[in-house]
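Visitor: I have a model open and would like to learn how to read its features. Can you take me through a few?

Guide: Gladly. Let us look at it together.

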Amino acid sequence: MAPPRSKKRRPSFRRLLKTSGVKLQNKQINRTNKQTNVAKKQRKEQKKLRAAVKDNVYQQPRPLEIYKKTPEEELEDEEEFLETLPTDMMEEENMEEIRAMATKASFVTRDLSACAPVHSGKKRSSEVMRGHEKVPRKLAKTEEKEVIHLLPIKDKKRGVVPQSFERVVERKPEEEEEEEEEDQEEDQQEGAAENSASLTAEQIEELRIQKIHERKLDIARLGSAIMSDPYSNIKRLKELRGMLMESDPAVAVTVRKLVMVSLMEIFKDVAPTFRIRPLTAEEKAAKVKKETQQIRDFEEGLVSQYKFYLEDLEQTVKDWKQKKKKRSQAVSLDSYLGLAQVSIRCLCELLLALPHFNFHNNIVVILVPLMNDPSKTVSLMCCDAFKKMFHQDKDGGPSLAAVRVVSGVVKRNNYTVRPELLKTLIGLRIKEVQMKKDIEDTAPKKRFMNNKEKRKKLSRMQRKWKKAEEKLEKELLEAEASESKDKKIKLHTETLNIVFLIYFRILKKAQKSVLIPAVLEGLANFAHLINLEFFDDLLNVLQGLIQSGDLSTRESLHCIQTVFTILSGQGDVLNIDPLNFYSQLYRILLETHAGAANEDVVIVLRCVDAMLTRRRKQVSLQRAMAFIKRLSTQSLTLLPSGAAATLQSCRAALHAFPKCDFLLDNESQGSGFFLPELNEPEHCNAQNTALWELHTLKRHFHPVVGKLASHLSHGAPSDGGGALGPELSRRSPVELFKIYSVKELTFDLPAAPPTKKRDRFVTGGSLLDPELQRQAESAMTLPPDAPLDFSAALTQTDTHTETKDTPIDTLNVIHTDTHTPSE
């Protein structure tokens with residue numbers, strides 16, 4: 001009889017379709033959880049099994065402890081041993097041998113009593129170290145086996161039995177080749193170390209040159225491959241960068257320097273003219289063309305290798321600063337300075353060449369602290385790089401990042417930094433900034449039409465054209481990739497605020513610091529951009545600095561230039577009479593001369609231009625005449641460039657104050673006498689003197705100075721016989737000073753054409769006076785060490801006659817010529 005049929009009906013396909021998704025999902029989760037639990041149990045069992053096997057392998061059986069037996073017990077044991085042997089068929093000699101063996105060999109009797117007593121305990125540390133030393137450094141190459149787990153078997157007695165088998169892993173030929181190459185390199189290094197001990201110094205040097213030549217060829221090969229096809233060979237950068245870890249001590253320093261410079265040039269040529277942004281997850285998941293994917297791989301590899309290269313340069317500089325000894329011992333401590341200087345030079349070049357590329361701010365953060373480095377070479381290198389960057393920066397972004405880091409460095413060092421660090425800020429290209437917000441609020445703003453007004457005032461076609469025009473302008477701006485003017489002004493304003501914050505902090509907290517000259521020079525350079533709200537406090541601080549007497553001549557001139565730059569710009573609305581600053585400049589004019597102070601003439605000329613020419617309505621006639629007289633007197637003590645620039649400044653003052661022309665007349669105006677030693681321009685009675693210095697300067701050896709002096713003596717006419725030519729009249733005093741500067745002992749003067757062409761040139765004694773020729777020949781015949789006495793040829797009568805017959809004008813010229821650059 002068949003078994004009863006189950007009443008439970010099998011679910012139909014339609015019923016399965018009605019099953020909820022949540023139920024099916026729960027079933028799936030339960031199934032996966034069971035599988036993971038079984039896998040965890042199997043892993044635990046295998047782990048226990050491996051631990052047990054490992055313990056059995058490494059645990060050695062300890063010998064048993066035995067005690068020495070008495071002679072009686074030994075005899076009894078021997079008799080028992082002999083009784084157990086079949087002695088019926090053995091001779092007496094064999095018995096004696098067996099007795100001897102019984103007393104010596106324990107393996108025959110299978111008794112441990114013959115073993116020596118061993119008390120095993122913990123090993124000493126020295127024995128443990130000896131055991132570790134005996135272990136070979138390289139393990140023997142064994143076949144790698146992979147354990148493959150099979151489905152377990154369920155048994156009634158043993159339960160679940162896991163099954164697995166081992167499979168030998170076949171190694172790739174590339175991996176085997178790499179291991180063979182590594183072994184060969186190690187063998188070569190060991191062989192080279194052994195052979196170098198037996199080589200002479202010349203052979204070692206030849207071997208070193210050969211190695212350097214091989215490395216140069218490798219660098220050239222990799223570099224040319226990258227430059228020829230960057231998109232395909234960008235992975236070669238990693239191979240080239242790996243040469244920075246050169247381990248051969250003989251060529252490590254040279255090779256690393258060459259690789260640093262080579263990578264720097266490659267990045268300068270290969271890097272694009274824009275910043276590469278990382279791809280989003282959606283962009284990475286999207287399918288693109290093969291060419292697009294190649295470009296993405298190139299950009300990703302370039303950015304990553306560039307980042308690693310900058311990290312290597314930074315690490316080299318840190319090792320030099322911290323004097324860390326590297327593990328490889330390939331580079332000595334003495335070579336760190338050379339490597340660090342090359343790294344810093346590479347960073348400076350990348351700072352200037354790639355301001356638009358990635359990680360530019362990181363380079364700024366590395367180099368700004370090095371501007372304050374005790375090493376003068378490193379400091380000047382970094383300062384020059386930032387000066388060039390400020391000069392080349394047109395957008396303002398890199399300059400703002402650098403100024404922020406400079407502010408942090410100055411504050412962190414408590415305002416004890418090198419003055420060159422602050423002098424670099426003078427090179428900032430800031431010409432226009434946002435002024436006070438009140439001025440911006442009061443200014444009329446451009447009003448744009450909204451949609452409602454456009455509908456009322458414009459037709460449908462006009463609105464359509466307007467929309468198309470706005471869209472086109474937006475696309476053009478995006479295509480040009482240029483920053484808007486408003487954004488540029490905003491960056492410049494933020495940069496200048498940080499610069500003024502640095503300057504004002506130093507003026508407030510470190511007035512006796514060595515940074516004061518750089519601060520005053522920077523304030524004089526950016527004074528026209530200072531807001532009105534800072535004027536009163538700044539004028540009081542500068543006046544206190546000048547009156548303290550702690551400033552040098554140049555620092556005082558910078559203070560005066562700052563004050564009058566402010567008053568001639570936005571400060572013209574302020575009702576201030578800076579009489580004290582006029583007196584200070586009037587006093588300083590006589591302190592400039594043809595020596596080291598000759599470079600201060602440029603600052604003097606700028607101050608005179610701001611104080612007299614631009615403020616002609618606020619300056620009295622008495623003060624103007626005093627300054628013109630003091631400037632003409634100062635021109636006698638300056639070099640030709642300074643004298644020409646000062647006379648040009650007098651010319652501008654005479655044009656600004658036409659009534660000062662009576663200084664060219666010998667007749668006095670008013671009562672009193674001229675007091676040249678008095679340092680108050682209002683009370684020195686300058687109207688009672690004349691510009692007699694012009695008669696002396698007419699005979700100056702420099703033709704431009706003589707021409708300007710003659711022009712002023714005629715009243716500085718704009719046209720006529722005494723007028724200047726356009727090459728001099730259109731030049732400012734500062735331009736004349738720079739054109740005719742003798743700083744490099746050169747004159748920018750036109751050469752006069754020859755009056756007559758000669759067929760031949762005569763040389764030798766025919767060009768000299770006979771008496772002078774005789775004296776020259778006698779001087780040439782003297783031995784080289786003999787002193788020459790030029791005063792012996794002069795007699796007292798000749799000197800008296802020359803002084804008596806020389807006119808006064810000639811003496812003035814001689815007196816003027818004594819101030820020459822040779823002194």
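Visitor: Which residues form a nonpolar patch on the surface?

Guide: This is a predicted model. In it, Leu199, Ile204 and Leu207 make up a nonpolar surface patch.

Visitor: Where does leucine 199 lie?

Guide: Leucine 199 is in the loop that runs between helix H7 (173-196) and helix H8 (201-228).

Visitor: Why does leucine 199 count as partly exposed?

Guide: Partly exposed covers the range between under 20% (buried) and over 50% (exposed). Leucine 199 has 30% relative accessibility, so it counts as partly exposed.

Visitor: Now the rings. How many aromatic pairs does a search of the whole structure find?

Guide: The search finds eleven aromatic pairs. Take phenylalanine 564 and phenylalanine 581: their ring centres are 6.4 Å apart and their planes meet at 85°, so this pair is edge-to-face. The cut-off for that label is over 60 degrees. The pair links distant parts of the chain, 17 residues apart. Phenylalanine 564 belongs to helix H24 (residues 553-568), and phenylalanine 581 to helix H25 (residues 579-588).

Visitor: Are phenylalanine 564 and phenylalanine 581 buried or exposed?

Guide: Phenylalanine 564 is buried, at 0% relative accessible area. Phenylalanine 581 is buried too, at 5%.

Visitor: How far apart are the ring centres of phenylalanine 564 and tyrosine 582?

Guide: Those centres are 5.1 Å apart. The planes lie at 75°, so this pair is also edge-to-face. Again distant parts of the chain are linked: phenylalanine 564 in helix H24 and tyrosine 582 in helix H25 are 18 residues apart. Tyrosine 582 is buried, with a relative accessible area of 1%.

Visitor: What sits over the ring of tyrosine 582?

Guide: The charged end of arginine 623 does, 4.4 Å from the ring centre. Look at tyrosine 586 as well: arginine 630 lies over its face, 3.8 Å from the ring centre.

Visitor: Which residues do ring pairs link into a cluster?

Guide: Phe267, Tyr306, Tyr309, Phe357 and Phe359 are joined that way.

Visitor: Last, the cysteines. How many disulfides does the structure hold?

Guide: A disulfide is a covalent bond joining the sulfur atoms of two cysteines. This structure holds zero.

Methods:
Residues numbered from 1 in each chain as written. Predicted model: local features only at pLDDT ≥ 70, side-chain atom pairs only at ≥ 80, totals over all residues. Heavy atoms only, no water. Patch = residues over 30% accessible without salt bridge, like charges linked within 9 Å, V, L, I, M, F, W, Y side chains within 5 Å. Areas by Shrake-Rupley, 256 points an atom, 1.4 Å probe, with all protein chains shown as cover. Salt bridge = Lys/Arg side-chain N within 4 Å of Asp/Glu carboxyl O. Helix = DSSP H or I, 4+ residues; strand = E, 2+ residues; numbered from the N terminus. Buried < 20%, exposed > 50% of the residue type's maximum accessible area, 1.4 Å probe, protein only. Phe/Tyr/Trp six-rings, centres within 6.5 Å; stacked < 30°, edge-to-face > 60°. Lys NZ or Arg CZ within 6 Å of the ring centre and 35° of its normal. Disulfide = S-S within 2.5 Å.
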